[in-house]
Amino acid sequence: MSNRSNLSAGAKTLVVVVHPDLKASRINKRLTAELEQRGNVTVHRLYDVYPDEKIDVAREQALLLAHDRIVFQFPLFWYSAPSLLKKWLDEVFELGFAHGKNGDKLHGKELIVAISSGGAQSMFQAGGRHNYSYSELLRPFQQTANYAGMIYRQPFVVSGVREVSDEELEAYARNYADYVEGKLDLSKTGS
Ligand SMILES: Cc1cc2nc3c(=O)[nH]c(=O)nc-3n(C[C@H](O)[C@H](O)[C@H](O)COP(=O)(O)O)c2cc1C
């Protein structure tokens, strides 16, 4: 896992937002709004684009090819992502694109996973209520990135969402947008 981005300041970033009900969301809605206000990254709301969940693979692959840094932003659902992201990965990261012969199309691109979680950070450790760290739970994403030749960056986590105050959420949104834009080194913020 890489703490620091090696991409240039002009790197193009695609944020794939995967929330089945963004209107009813508090955390992901605010994070997404911050990105959209700044206008420096491409925001791709997967459930809005594909309400019928029929994914246009060629369109998604073209989007990936046009960007250098890819972000998967989602609420943690049963220690993983909402199901549309799994379907998207199964179909879009296909043989000859993300792996196998000629499957080098994602090589050198960065992957950032950004999650919100109901449980508090302290619960995600050995002996805690959720037993495993976020890093451990996100391993399938990390190894997917590795296998596709991508550079897996430190995940961005908003935990204990019900205890996050409005002020804290504003700070999260600023830090998130800065991180996604390559302007913030997360290892220096303690996030
Ligand atoms: C189906 C479902 C499964 C969930 N599973 C988890 C979980 O495994 N771990 C966790 O910390 N929170 C879990 N939550 C809580 C959500 O992560 C939390 O509500 C969400 O991050 C809040 O973000 P939002 O305001 O953008 O909706 C789950 C929520 C739902 C609806």
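**Figure 1. Charged side chains and overall form of the protein.** The protein carries 23 positive and 23 negative side chains, with the centres of the two sets 3 Å apart. Lys and Arg are counted as positive and Asp and Glu as negative, whereas His and the chain ends are not counted; each charge is placed at NZ of Lys, CZ of Arg, CG of Asp or CD of Glu. This is a predicted model, in which local features need pLDDT of at least 70 and side-chain atom pairs count only at pLDDT 80 or more, while totals for chains, interfaces and linings use all residues. Residues are numbered from 1 along each chain as its sequence is written, and side-chain values use heavy atoms, with hydrogens and water left out. The C-alpha trace spans about 45 × 40 × 35 Å along its principal axes. The radius of gyration of the protein is 16 Å, in agreement with the value near 16 Å for a compact globule of 191 residues (taken over C-alpha atoms; the globule rule is 2.2 Å times the number of residues to the power 0.38).

**Figure 2. Secondary structure and surface.** Seven helices and six strands make up the secondary structure, and their pattern along the sequence is β-α-β-α-α-β-α-β-α-α-β-β-α. Helices (H or I, at least four residues) and strands (E, at least two) are DSSP runs, numbered from the N terminus. Of the 191 residues, 48% are buried; buried means under 20% relative accessible area, exposed over 50%, and partly exposed in between (1.4 Å probe, protein chains only). The accessible surface amounts to about 9,500 Å², and 49% of this area belongs to carbon and sulfur atoms (Shrake-Rupley method with a 1.4 Å probe; for residues, only the protein chains shown count as cover).

**Figure 3. The salt bridge between Arg38 and Asp178.** The closest N and O atoms of Arg38 and Asp178 are 2.7 Å apart in this salt bridge (a side-chain nitrogen of Lys or Arg within 4 Å of a carboxyl oxygen of Asp or Glu). Arg38 belongs to helix α1 (residues 27-38) and Asp178 to helix α7 (residues 166-180), so the pair ties together parts that are 140 residues apart in sequence. Arg38 is partly exposed at 25% relative accessibility, and Asp178 is also partly exposed, at 22%. Both residues take part in a network of salt bridges that links Arg30, Glu34, Arg38, Glu170, Asp178, Glu181 and Lys183. In the whole structure, a search finds 14 salt bridges.

Figure 4. Lys87 is joined by a salt bridge to Glu91, with 3.3 Å between the closest N and O atoms. Both residues lie in helix α4 (residues 83-92), four residues apart, or about one turn of the helix. Lys87 has a relative accessible area of 30% and is partly exposed; Glu91, at 26%, is partly exposed as well. A salt bridge also connects the side chains of Asp104 and Lys105 (3.5 Å, N to O). Asp104 is partly exposed at 43%, as is Lys105 at 32%.

Figure 5. Tyr152 is located in strand β5 (residues 151-152) and is buried, with a relative accessible area of 4%. Apart from neighbours within four places in sequence, Tyr152 is in contact (heavy atoms within 4.5 Å) with Met1, Ser2, Leu111, Val113, Leu138, Phe141, Gln142 and Ala145. Across the protein, 75% of the contacts between residues at least 6 apart in sequence join residues at least 24 apart.
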